[in-house]
Amino acid sequence: LTDYTTGSASIEKMVEKMQALPWPIYKIKLGTKEDIAIVTELRKHTNAIFRIDANCGWGVEETINNAVALKKLGVEFLEQPLKADNWDGHKEVFKHSVLPIIADESCIIEEDVAKCHNHFHGVNVKLVKCGGLTPGRRMIQEAKKLGLKTMVGCMTESTVGISAIAQLLPQLDYVD
């Protein structure tokens with residue numbers, strides 16, 4: 001199953017989107033000081049699994065603390081809570097988070113997968129960023145060798161780009 005992204009918006013708008021398209025998994029874009037309140041309110045409207053994309057918007061302690069509250073609210077994982085180049089921070093969060101952490105902006109090209117080992121629990125491969133299906137497939141294979149979870153996400157792909165992602169589904173743990 002793929003998640004459905006709510007996008008950053010007011011709580012009311014996010015609830016409207018969820019009610020317009022009931023789905024078993026939502027990816028919620030966050031990165032504000034009101035994130036726990038937002039997820040708490042959204043939880044009142046669905047029992048779906050939540051995945052959180054903090055869009056590089058949190059600090060180390062904030063991520064570790066938010067993970068505790070968010071786990072109680074049915075969050076499956078956090079995606080890229082810290083700035084992409086904060087490797088010391090990623091390592092600290094990796095050691096102390098009660099939720100898995102998935103790299104996005106920290107994992108763009110093939111060489112980044114090895115860097116993410118022991119800093120993240122998984123990687124989100126974006127085909128339009130890494131150069132297409134072949135490098136994306138190699139990134140997934142490398143991630144699996146390192147014991148990382150795998151996810152493929154999209155940005156502004158056409159249906160042709162999305163169909164390329166579909167070719168990788170059997171190799172993935174998560175789909176965005």
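**Arg43 and Phe50.** I started at this side chain in the predicted model. Arg43 lies over the face of Phe50. I read 3.9 Å from the ring centre.

**Aromatic pairs.** Next I looked for ring pairs and found three aromatic pairs in the structure. I took two of them in turn. The ring centres of Tyr4 and Tyr26 are 6.2 Å apart, with the planes at 75°. Planes over 60 degrees apart count as edge-to-face, so this pair is edge-to-face. The two tyrosines come from distant parts of the chain, 22 residues apart. Tyr4 sits in strand 1 and Tyr26 in strand 2.

Tyr4 has 26% relative accessibility, so I logged Tyr4 as partly exposed. Tyr26 has 1%, so Tyr26 went down as buried.

The rings of Phe77 and Tyr174 have centres 4.7 Å apart. Their planes make 55°, so I noted the pair as tilted. This pair also links distant parts of the chain: Phe77 is in strand 4, Tyr174 is in strand 8, and 97 residues separate them. Phe77 and Tyr174 are both buried.

Eight strands form an open sheet in the order 1-2-3-4-5-6-7-8, and the pairing is parallel. Strand 1 (4-5) and strand 8 (174-175) are the edges. Each has a single partner strand, so one side of each lacks a neighbour in the sheet.

Strand 4 (residues 75-79) and strand 5 (residues 101-103) run parallel and are joined by two bridges. Glu79 has Ile102 in strand 5 as its bridge partner.

**Helices on the sheet.** Helix 1 (residues 11-20) packs on the sheet and touches strand 1, strand 2 (25-29) and strand 3 (49-53). I got about 160° between the directions of helix 1 and strand 2. Helix 2 (residues 35-43) also packs on the sheet, touching strand 2, strand 3 and strand 4. The direction of helix 2 makes about 160° with that of strand 3.

**Helix 4.** Which residues of helix 4 are buried? In helix 4 (residues 87-96) I listed Gly89, His90 and Val93. They cover an arc of only 100° around the axis, which puts them on the same side of helix 4.

What do the buried residues pack against? I found helix 3 (60-72) and strand 5. On the other side of helix 4, Asp88 and Lys95 are exposed.

Methods
Residues numbered from 1 in each chain as written. Predicted model: local features only at pLDDT ≥ 70, side-chain atom pairs only at ≥ 80, totals over all residues. Heavy atoms only, no water. Pairing = 2+ DSSP bridges. Helix = DSSP H or I, 4+ residues; strand = E, 2+ residues; numbered from the N terminus. Contact = heavy atoms within 4.5 Å. Axes fitted to C-alpha atoms, helices over the stretch in contact; angles between N-to-C directions. Buried < 20%, exposed > 50% of the residue type's maximum accessible area, 1.4 Å probe, protein only. Arc of directions from axis to C-beta. Phe/Tyr/Trp six-rings, centres within 6.5 Å; stacked < 30°, edge-to-face > 60°. Lys NZ or Arg CZ within 6 Å of the ring centre and 35° of its normal.
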